[in-house]
Amino acid sequence: MNTSPTIHSIEAILVDLPTIRAHKLAMTTMMRQTLVIVRLVCSDGLVGIGEATTIGGLAYGDQSPESIKSAIDTYLAPLLVGTDATRINVAMQRVAVSVQGNSFAKSAVEIALLDAQGQRLGLPVHALLGGAMRSALPVLWTLASGDATRDVDEALALIEARRHKVFKLKIGSHPLAEDIAHVQAIRRGLGDDVMLTVDVNQAWDETTAVQGVAALEAIGVSLIEQPVARRNRRALKRLATRFDVAIMADEAVHDAIDAFDLATDAAADVYALKISQAGGLWPTLRAAAVADAAGVGIYGGTLLEGSIGSIAAAHVFAASPTLAWGTELFGPLLLKDDIVVERPVYRDFELQLPQVPGLGVQIDLDKLAHYRRDRASQSVA
Ligand code: MUC
Ligand code: MG
């Protein structure tokens with residue numbers, strides 16, 4: 001008889017948190033962030049937590065917070081409740097057979113299973129993924145207030161505080177000349193020694209991208225992220241071939257199959273991998289393995305997840321054999337408040353990896369009750 005603990009229940013909760021300032025991307029300006037938090041209760045009493053978070057509702061990708069919750073409530077939970085909580089590969093394969101797409105919902109549930117299993121075995125999640133290569137991860141910061149002077153002041157204060165020393169600029173929402181002038185102003189304000197990257201978030205057509213990448217290369221930008229539409233792989237490849245500056249695929253690369261297709265075309269020098277876009281922590285490692293095999297650099301991307309999602313990503317990027325371009329796991333720092341007991345630790349330009357069993361993050365139930373979207377109906381019930 002199988003005496004393994006089973007999955008007793010899975011709850012998906014929408015949580016709305018304010019940001020510390022407006023965060024301007026080409027496709028949206030964020031004033032708050034919505035997290036989808038998963039609580040997975042097992043028959044042995046352990047509770048695993050997970051998170052799937054996107055940017056700007058449906059502005060960034062085709063899975064919204066509401067659709068993620070609905071997929072979990074309506075499809076993933078009924079498939080998994082009553083099944084073995086310890087055989088995570090079996091559980092996720094069961095989901096894969098019956099649920100197409102919906103990588104965010106899959107990722108949140110897989111994280112919660114790994115968290116519970118780590119607690120059960122007394123091992124941190126990175127140990128379940130084969131062990132950490134590094135105990136802390138370099139983290140850049142995105143300057144995206146929309147105002148160059150404010151961005152420069154923000155960056156100088158962060159360097160002084162030893163929190164970040166690499167900065168990503170969000171461009172693409174203004175005419176090219178304005179965006180280039182913005183990058184130049186920040187370059188002048190920070191000096192030539194500070195590493196700058198830019199993210200165009202798909203905003204340029206190829207003609208604009210050729211001019212834009214040339215100008216950014218001349219300014220000394222180190223990495224240019226998703227300059228053209230995610231489906232325009234041929235243009236991405238032409239840019240990667242034409243220019244020396246590293247071109248990074250972000251929206252274009254979700255999982256190992258995308259990684260393989262892009263690598264076959266030599267369409268990008270670097271991949272931004274994101275746990276929700278890949279469909280979980282193991283799928284992220286599979287995409288990383290393809291990148292490694294193809295000689296493509298790996299960058300630990302974010303969808304501005306809160307503390308649970310960012311720490312889940314930290315476990316996987318700590319376990320990745322290579323991580324040439326560092327990470328941008330700064331999501332928790334963009335939030336004015338949080339729903340966890342202890343917020344992640346950023347020190348000496350790095351995010352510290354928890355070494356305790358599971359994810360190493362606990363939900364603050366009072367904060368969760370305060371920020372959950374359905375709090376009105378909860379208090380009536
Ligand atoms: C993206 O496209 O990279 C990551 C950092 C940030 O500011 O936005 C995200 C999404
Ligand atoms: Mg990006």
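A: Contact here means heavy atoms within 4.5 Å. This is a predicted model, where local features need pLDDT of at least 70, side-chain atom pairs count only at pLDDT 80 or more, and totals for chains, interfaces and linings use all residues. Residues are numbered from 1 along each chain as written, chains are lettered from A and ligands numbered from 1 in written order, and side-chain values use heavy atoms, without hydrogens and water.

Start with Gln63. Gln63 sits in the loop between strand E3 (47-53) and helix H1 (65-80); helices (H or I, at least four residues) and strands (E, at least two) are DSSP runs numbered from the N terminus. Leaving out residues up to four places away in sequence, Gln63 touches Thr54, Gly57, Leu58, Ile68, Asn102, Ser103 and Phe104. Its relative accessibility is 11%, so Gln63 counts as buried (under 20% relative accessible area, 1.4 Å probe, protein chains only).

The side chain of Gln63 has a polar atom 3.1 Å from the backbone nitrogen of Ser103. The backbone nitrogen of Phe104 also lies 3.1 Å from a polar atom of that side chain.

Now the ligand. Ligand 1 has 16 residues around it, and His23, Tyr60, Lys168, Asn201 and Glu225 come nearest; a residue counts as near with a heavy atom within 4 Å. A side-chain N or O atom of Tyr60 is 2.6 Å from an oxygen atom of ligand 1. For Asp199, a polar side-chain atom lies 3.0 Å from a ligand 1 oxygen. Glu225 likewise places a polar side-chain atom 3.0 Å from an oxygen atom of ligand 1. The protein covers 100% of the 280 Å² of accessible area that ligand 1 has on its own (Shrake-Rupley method, 1.4 Å probe).

How values were computed: Buried means under 20% relative accessible area, exposed over 50%, partly exposed in between (1.4 Å probe, protein chains only). A polar contact is a pair of N or O atoms within 3.5 Å; within protein, one must be able to donate a hydrogen and the other to accept it, and residues adjacent in sequence count only if both atoms are side-chain atoms.
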